[in-house]
Amino acid sequence: MQKKPFATIPEQVAVLESRGMYIADKEATELFLLGENYYSVVNGYKDMFLDEEEARAAHEDRYVPGTTFSHVKLLYMFDRRLRRISFDALLRAETIMKTATIYSFCEKHRDHNDYLDPACYCSSKDYLPRANYTRNLIKMLSTLQRLHDNGQHKEFIQHYLKEHKCVPLWVLSRCLTFGNVSAFYDLQTTDVQNATCKAVCRVSNKERITPKQLRDVFRTLSAFRNICAHDERLFCAHVGPRNDKSFADLLLSLSIVLDERTVSGLAQTIKELLEKLAELDDLDMQVMTRMTIDYARLDSFIK
């Protein structure tokens with residue numbers, strides 16, 4: 001495979017022009033790419049503007065006639081704002097779900113080191129998929145043991161080890177990622193999972209959440225959280241084992257664990273953001289139609 005050579009900023013702009021993109025202000029474009037990174041901006045958001053038939057014939061990218069760098073920049077900046085407002089909601093959901101899970105485990109298993117005991121977790125017959133049970137339990141216990149032994153060199157863990165000779169799970173949980181807690185929840189017994197659901201319901205003012213619903217929410221939200229945290233493309237992202245969870249599913253999952261007012265406010269803010277984008281004359285309406293397909297159910301979340 002042929003390696004791509006390094007290209008200077010002016011050379012990057014020249015490549016875009018050679019492929020059919022109109023650039024009105026080269027100096028401003030060069031400055032923007034220098035500050036934001038060509039790969040993040042162009043490779044991340046060019047798909048909406050590519051002429052696929054022409055690209056196949058030319059064996060390289062070709063842009064739809066009329067495409068300007070402003071189009072790509074607008075979409076890039078829109079997605080950045082979308083990530084930021086979504087991330088706030090995701091962090092709130094993460095805090096609620098992590099706290100409920102850890103509290104429910106500790107309420108049932110009162111010894112400070114119970115989380116390191118395999119007997120405190122569900123059996124293989126209650127775990128899905130069963131074939132992954134042993135591997136995932138060992139992985140979870142190894143992660144917890146490493147954190148307990150202060151593998152991340154945290155001062156607060158060192159303090160507990162020195163002063164109390166143990167590290168309770170509610171202290172250790174500060175080191176657990178959303179993905180870690182999702183895996184931890186999957187390994188809980190039915191009574192702990194039910195208690196977790198009840199705790200989430202109490203905080204979010206929901207009538208009922210089933211353990212399966214919460215499991216799905218954990219997986220969906222932790223995946224989208226990673227997208228936001230790593231500044232990856234969000235507006236058309238798909239996650240999940242079958243890659244079938246879209247932004248609409250992100251909103252649906254948030255609506256399960258957050259209160260109605262919070263979700264409604266998020267949906268309204270996103271709608272206003274989209275409306276402002278649609279008002280801009282230099283963004284082709286065909287592109288707008290394609291990029292907003294995931295938001296068809298947006299109004300259903302606004303109360």
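Visitor: In which helix is Arg 215 found?

Guide: Helices (H or I, at least four residues) and strands (E, at least two) are DSSP runs, numbered from the N terminus. Arg 215 is found in helix 11. This is a predicted model, in which local features need pLDDT of at least 70 and side-chain atom pairs count only at pLDDT 80 or more, whereas totals for chains, interfaces and linings use all residues. Residues are numbered from 1 along each chain as its sequence is written, and side-chain values use heavy atoms, with hydrogens and water left out.

Visitor: Is Arg 215 buried or exposed?

Guide: Buried means under 20% relative accessible area, exposed means over 50%, and partly exposed lies in between (1.4 Å probe, protein chains only). Arg 215 has a relative accessible area of 18%, so this residue is buried.

Visitor: Which residues does Arg 215 touch, not counting those up to four places away in sequence?

Guide: Contact means heavy atoms within 4.5 Å. With residues up to four places away in sequence not counted, Arg 215 touches Tyr 185, Asp 186 and Gln 193.

Visitor: Which residues does Lys 46 touch on that basis?

Guide: Again not counting residues up to four places away in sequence, Lys 46 touches Asp 61 and Tyr 63. Lys 46 lies in the loop between helix 3 and helix 4 (52–58), and its relative accessibility is 14%, so Lys 46 counts as buried.

Visitor: Where is Ile 85 found, and with which residues is Ile 85 in contact, leaving aside neighbours within four places in sequence?

Guide: Ile 85 is found in helix 5. Its contacts, leaving aside neighbours within four places in sequence, are with Leu 266, Thr 269, Ile 270 and Leu 273. A relative accessible area of 24% makes Ile 85 partly exposed. The C-alpha atoms of Ile 85 and His 148 are separated by 34 Å, and these residues are 63 residues apart along the chain.

Visitor: What separates the C-alpha atoms of Gly 265 and Lys 303?

Guide: They are separated by 8.6 Å, although Gly 265 and Lys 303 are 38 residues apart along the chain. Gly 265 lies in helix 13 (residues 260–279) and, at 33% relative accessibility, counts as partly exposed.

Visitor: How is a pair of aromatic rings described?

Guide: A pair of aromatic rings is described by the distance of the centres and the angle of the planes. Rings of Phe, Tyr and Trp (its six-membered ring) pair if their centres lie within 6.5 Å; planes under 30 degrees apart count as stacked, over 60 as edge-to-face and the rest as tilted. By this rule the count is 10 aromatic pairs. One of them joins Tyr 127 and Tyr 133, an edge-to-face pair with 5.7 Å centre to centre and 65 degrees between the planes. Tyr 127 counts as buried because its relative accessibility is 4%, and Tyr 133 counts as buried because its value is 11%.

Visitor: Which charged end sits over the ring of Phe 156?

Guide: A charge sits over a ring if NZ of Lys or CZ of Arg is within 6 Å of the ring centre and within 35 degrees of the ring normal. Here the charged end of Arg 174 sits over the ring of Phe 156, 3.8 Å from its centre.

Visitor: Which backbone angles deserve a remark?

Guide: Leu 128 and Pro 129 are joined by a cis peptide bond, with omega about -10 degrees. Pro 129 is in the loop between helix 5 (69–108) and helix 6 (133–148). Asn 37, a residue other than glycine, has a positive phi near 90 degrees; its place is in the loop between helix 2 (26–36) and helix 3 (38–45). Asn 243, also not a glycine, has a positive phi of about 55 degrees and lies in the loop between helix 11 (211–229) and helix 12 (247–257).

Visitor: How many helices and strands does the protein chain have?

Guide: The secondary structure comes to 14 helices and zero strands. Of the 303 residues of the protein chain, 44% count as buried.
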